Amino acid sequence: MATTQLAEDLAGFCVDQHGSAIGMPQLCADWIPNQIFWLLIALVVIFFILSRVALPRIASVLAERTGTITNDIAAAEELKRQASEAEKAYDKALADARTEAQAIGQRTRDDIKAQLDIAVAKADEQIAAKTAESEAAIAEIRASAVQNVEIVAKDTALAIVAALGGKADAQTVSAAVDSRLKG
């Protein structure tokens, strides 16, 4: 039984009689000073590793990134200035081109208007000549049509009178048709 007491004194109340932990060993009050000691040693080792190895590497990477970003910003500002100058030159060239295009357009419109006026005058003369010819032809056709209508009317009137059984001479029918055609 002495050995049990000695084992219990060494292990504390957190270990059962078979040597197994009772509950969670991290929460055993007897072992907390031991855990704090090893935690401090682990933190000191991590601190030295970080301060001697990782932090210098991180600092050099950050410095390199800062330098790169600064160089890129300066290059971007220079490119922005060049782009602004190019845009001003482009706007001036565009304005000059618009002015020139408007002048060319106006000259072209004036030339086309002069040619169009000449063509319209020529077309008006041709239309007037064709109109005179057409009016003469229409007057001729009208006179011919009136004569033909008169002849057909006289022949038709003679035929109708004959079909109805009456007798009419050509002079009477002609006088009747003439008086009817005159109104």
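Author: D96 and K92 are both in helix α2, four residues apart, which is about one turn of the helix; a helix here is a DSSP run of H or I with at least four residues, numbered from the N terminus. This is a predicted model, in which local features need pLDDT of at least 70 and side-chain atom pairs count only at pLDDT 80 or more, while totals for chains, interfaces and linings use all residues. Residues are numbered from 1 along each chain as its sequence is written, and side-chain values use heavy atoms, with hydrogens and water left out.

Reader: Why is K92 called exposed, and why does D96 count as partly exposed?

Author: Buried means under 20% relative accessible area, exposed over 50%, and partly exposed in between, computed with a 1.4 Å probe on protein chains only. K92 has 53% relative accessibility, so K92 counts as exposed, whereas D96, at 42%, counts as partly exposed.

Reader: How do you know that D117 forms a salt bridge with K113?

Author: Their closest N and O atoms are 3.9 Å apart, which is within the 4 Å limit, so the label holds. D117 and K113 also lie in helix α2, four residues apart, about one turn of the helix. K113 is exposed because its relative accessible area is 52%, and D117 is partly exposed at 42%.

Reader: Which residues do salt bridges with shared partners join into one network?

Author: That network consists of E78, R81 and E85. Within it, E85 and R81 have their closest N and O atoms 2.5 Å apart, and because they are four residues apart in helix α2, they are separated by about one helical turn.

Reader: How do you know that the span of helix α3 agrees with its number of residues?

Author: The expected span is 1.5 Å times one less than the number of residues. The 13 residues of α3 (residues 170-182) should therefore span 18 Å, and the end C-alpha atoms are 18 Å apart, which agrees.

Reader: Why can the buried residues of α3 be said to line one face of the helix?

Author: The buried residues are V173, S174 and V177. Seen down the axis of α3, they fall within an arc of 100°, taken from the directions from the helix axis to the C-beta atoms, so they line one face. On the other side of α3, Q171 and K182 are exposed.

Notes: Helices (H or I, at least four residues) and strands (E, at least two) are DSSP runs, numbered from the N terminus. A salt bridge is a side-chain nitrogen of Lys or Arg within 4 Å of a carboxyl oxygen of Asp or Glu.
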